[in-house]
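Please consult the sequence and the model alongside the text.

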Amino acid sequence: MSETHHLTIPSRQRVVLVGVKLKTQLKSDVEDSLEELGQLAETAGFEVLHKIVQPRDTPDPAHFIGAGKLKELGALMSEAGADAVVFENELTPAQTRNIEKALDTVAIDRTSLILEIFAQRAQTKEAKLQVELAQLQYALPRLTRMWTHLSRLATGGGGSTAVGAGRTGGAVRGPGETQLQIDRNLIGAQILRLQKSLKAVEKQRRVQRSSRSEMIKVSLVGYTNAGKSTLFNALTGENRLAENRLFATLDPTTRVVDLPDNRQILLTDTVGFIKKLPHHLVAAFKATLEEVAEADLLLHVVDGSHPQAETQVESVNDVLKSLNANDIPTIILLNKIDLSENEEQPQLLRLKFPDSLQISAQTGAGLEKLKTELADRFASTDIDMSLRLSYRDGKALDYLYKHGEVFEADYGGNAIRVQARLPHRYLKALNQLAAHSTYELR
């Protein structure tokens, strides 16, 4: 198959990071983005040798950076013994080909780097399918033909041409171009196969969500490495992987969490978001991210110690908007705020997000207050009722004890008179269990 450089990137390469500062950007924002790119590169297993930034009015359409900076980059990479170059922005297919040709090395952009990390971290069959689909969709327009030994055939024997031309005067199609089309067709067929498989996954997830529809669903969202998985473990007693690394976990996990007043919720931990999250990934992970869109409440975990915390909140909100989940009720949780190196930052964040809660997922500080807040929030949908339960409907009383609050249960000769409170979403199930009984709502 034709070479592409974008499906699997060998690990432990030594790389140079490249960013461009446009007129509309703040220097500090560009530096932060390049710092994050370095973390992404290290997460992928690369060794970062140097970081360079070029101020420009607009990106160069051919090489993203200017000709002079490109020459300087080539010399730096040669001197440092770098194996590849990593760009902070997404490159066009033409820019990627031009850079690789000019530098005689692999050019990686932010999108392909994130895709590589997801490929390394995917554990379940579903996640692997989703990542493979995103990689192929990204790679398809970037296929390049390296059939240089066929160049004379491709041009009818009239001398070699630049790789990718493949014809003279538009008259002859050479074997190289035919191979390129074959590759495109193969990848297109593979994309269709993966999309079909993922539709089956989406159907299965919808069935799963339907089976637990009467439970309140809460999803954890947040920027990658904000502490979501640590919080999930603290609330559920699970031992989900929680590393101080970007994208430590990809697969969603759902568990029951007990709240005060005999309440329960279903809590789902989801993949972390990041700015410039590749749209291929958002599309491929649709089935997974629907867990967020179907939630009754979102807990937005924010790394309160990060200097770009507000920017990260905006990035998460952008992804939520793309998922049509931006109108779901949300509680912002300021995590790690006690670790901030800027003394003013905690106060500024509290002013910016006055309805937020301060927590420490690591120490457990603030988690009981969070549980109480969740219980109080969902109590507003409760219904008070008086019941005359037939002894034939004993399961209904067990159901009330399990899912609501029973204030009084008076066992009479023919029936049990009960005063209780029950969340509205359990009313339909109670109707089925109390078929031989009567009750009044108050």
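Helices are DSSP runs of H or I with at least four residues, numbered from the N terminus. The model is predicted. Within it, Gly 38 is found in helix H1, which spans residues 27-43. With a relative accessible area of 5%, Gly 38 counts as buried because the cut-off is under 20%. Apart from neighbours within four places in sequence, Gly 38 is in contact with Leu 17 and Val 48. Its C-alpha atom is 9.6 Å from that of His 50, twelve residues away along the chain.

The charged side chains come next. Side chains of opposite charge can pair when their charged atoms come close. The model holds twelve salt bridges. One of them joins Arg 110 to Glu 88, with 2.8 Å between the closest N and O atoms. Arg 110 belongs to helix H4 (residues 110-121), whereas Glu 88 sits in the loop between strand E3 and helix H3, 22 residues apart. Both Arg 110 and Glu 88 are buried. These two residues also belong to a salt-bridge network with Glu 36 and Lys 276.

Arg 421 takes part in a salt bridge with Asp 384, the closest N and O atoms being 2.7 Å apart. Asp 384 lies in strand E11 and Arg 421 in strand E13, so this pair ties together parts 37 residues apart in sequence. Arg 421 also meets Glu 405 in a salt bridge, at 3.9 Å from N to O. Because Glu 405 lies in strand E12, that pair ties together parts 16 residues apart in sequence. Asp 384 is partly exposed at 22% relative accessibility, as are Arg 421 at 28% and Glu 405 at 24%.

Note on methods: Residues numbered from 1 in each chain as written. Predicted model: local features only at pLDDT ≥ 70, side-chain atom pairs only at ≥ 80, totals over all residues. Heavy atoms only, no water. Helix = DSSP H or I, 4+ residues; strand = E, 2+ residues; numbered from the N terminus. Buried < 20%, exposed > 50% of the residue type's maximum accessible area, 1.4 Å probe, protein only. Contact = heavy atoms within 4.5 Å. Salt bridge = Lys/Arg side-chain N within 4 Å of Asp/Glu carboxyl O.
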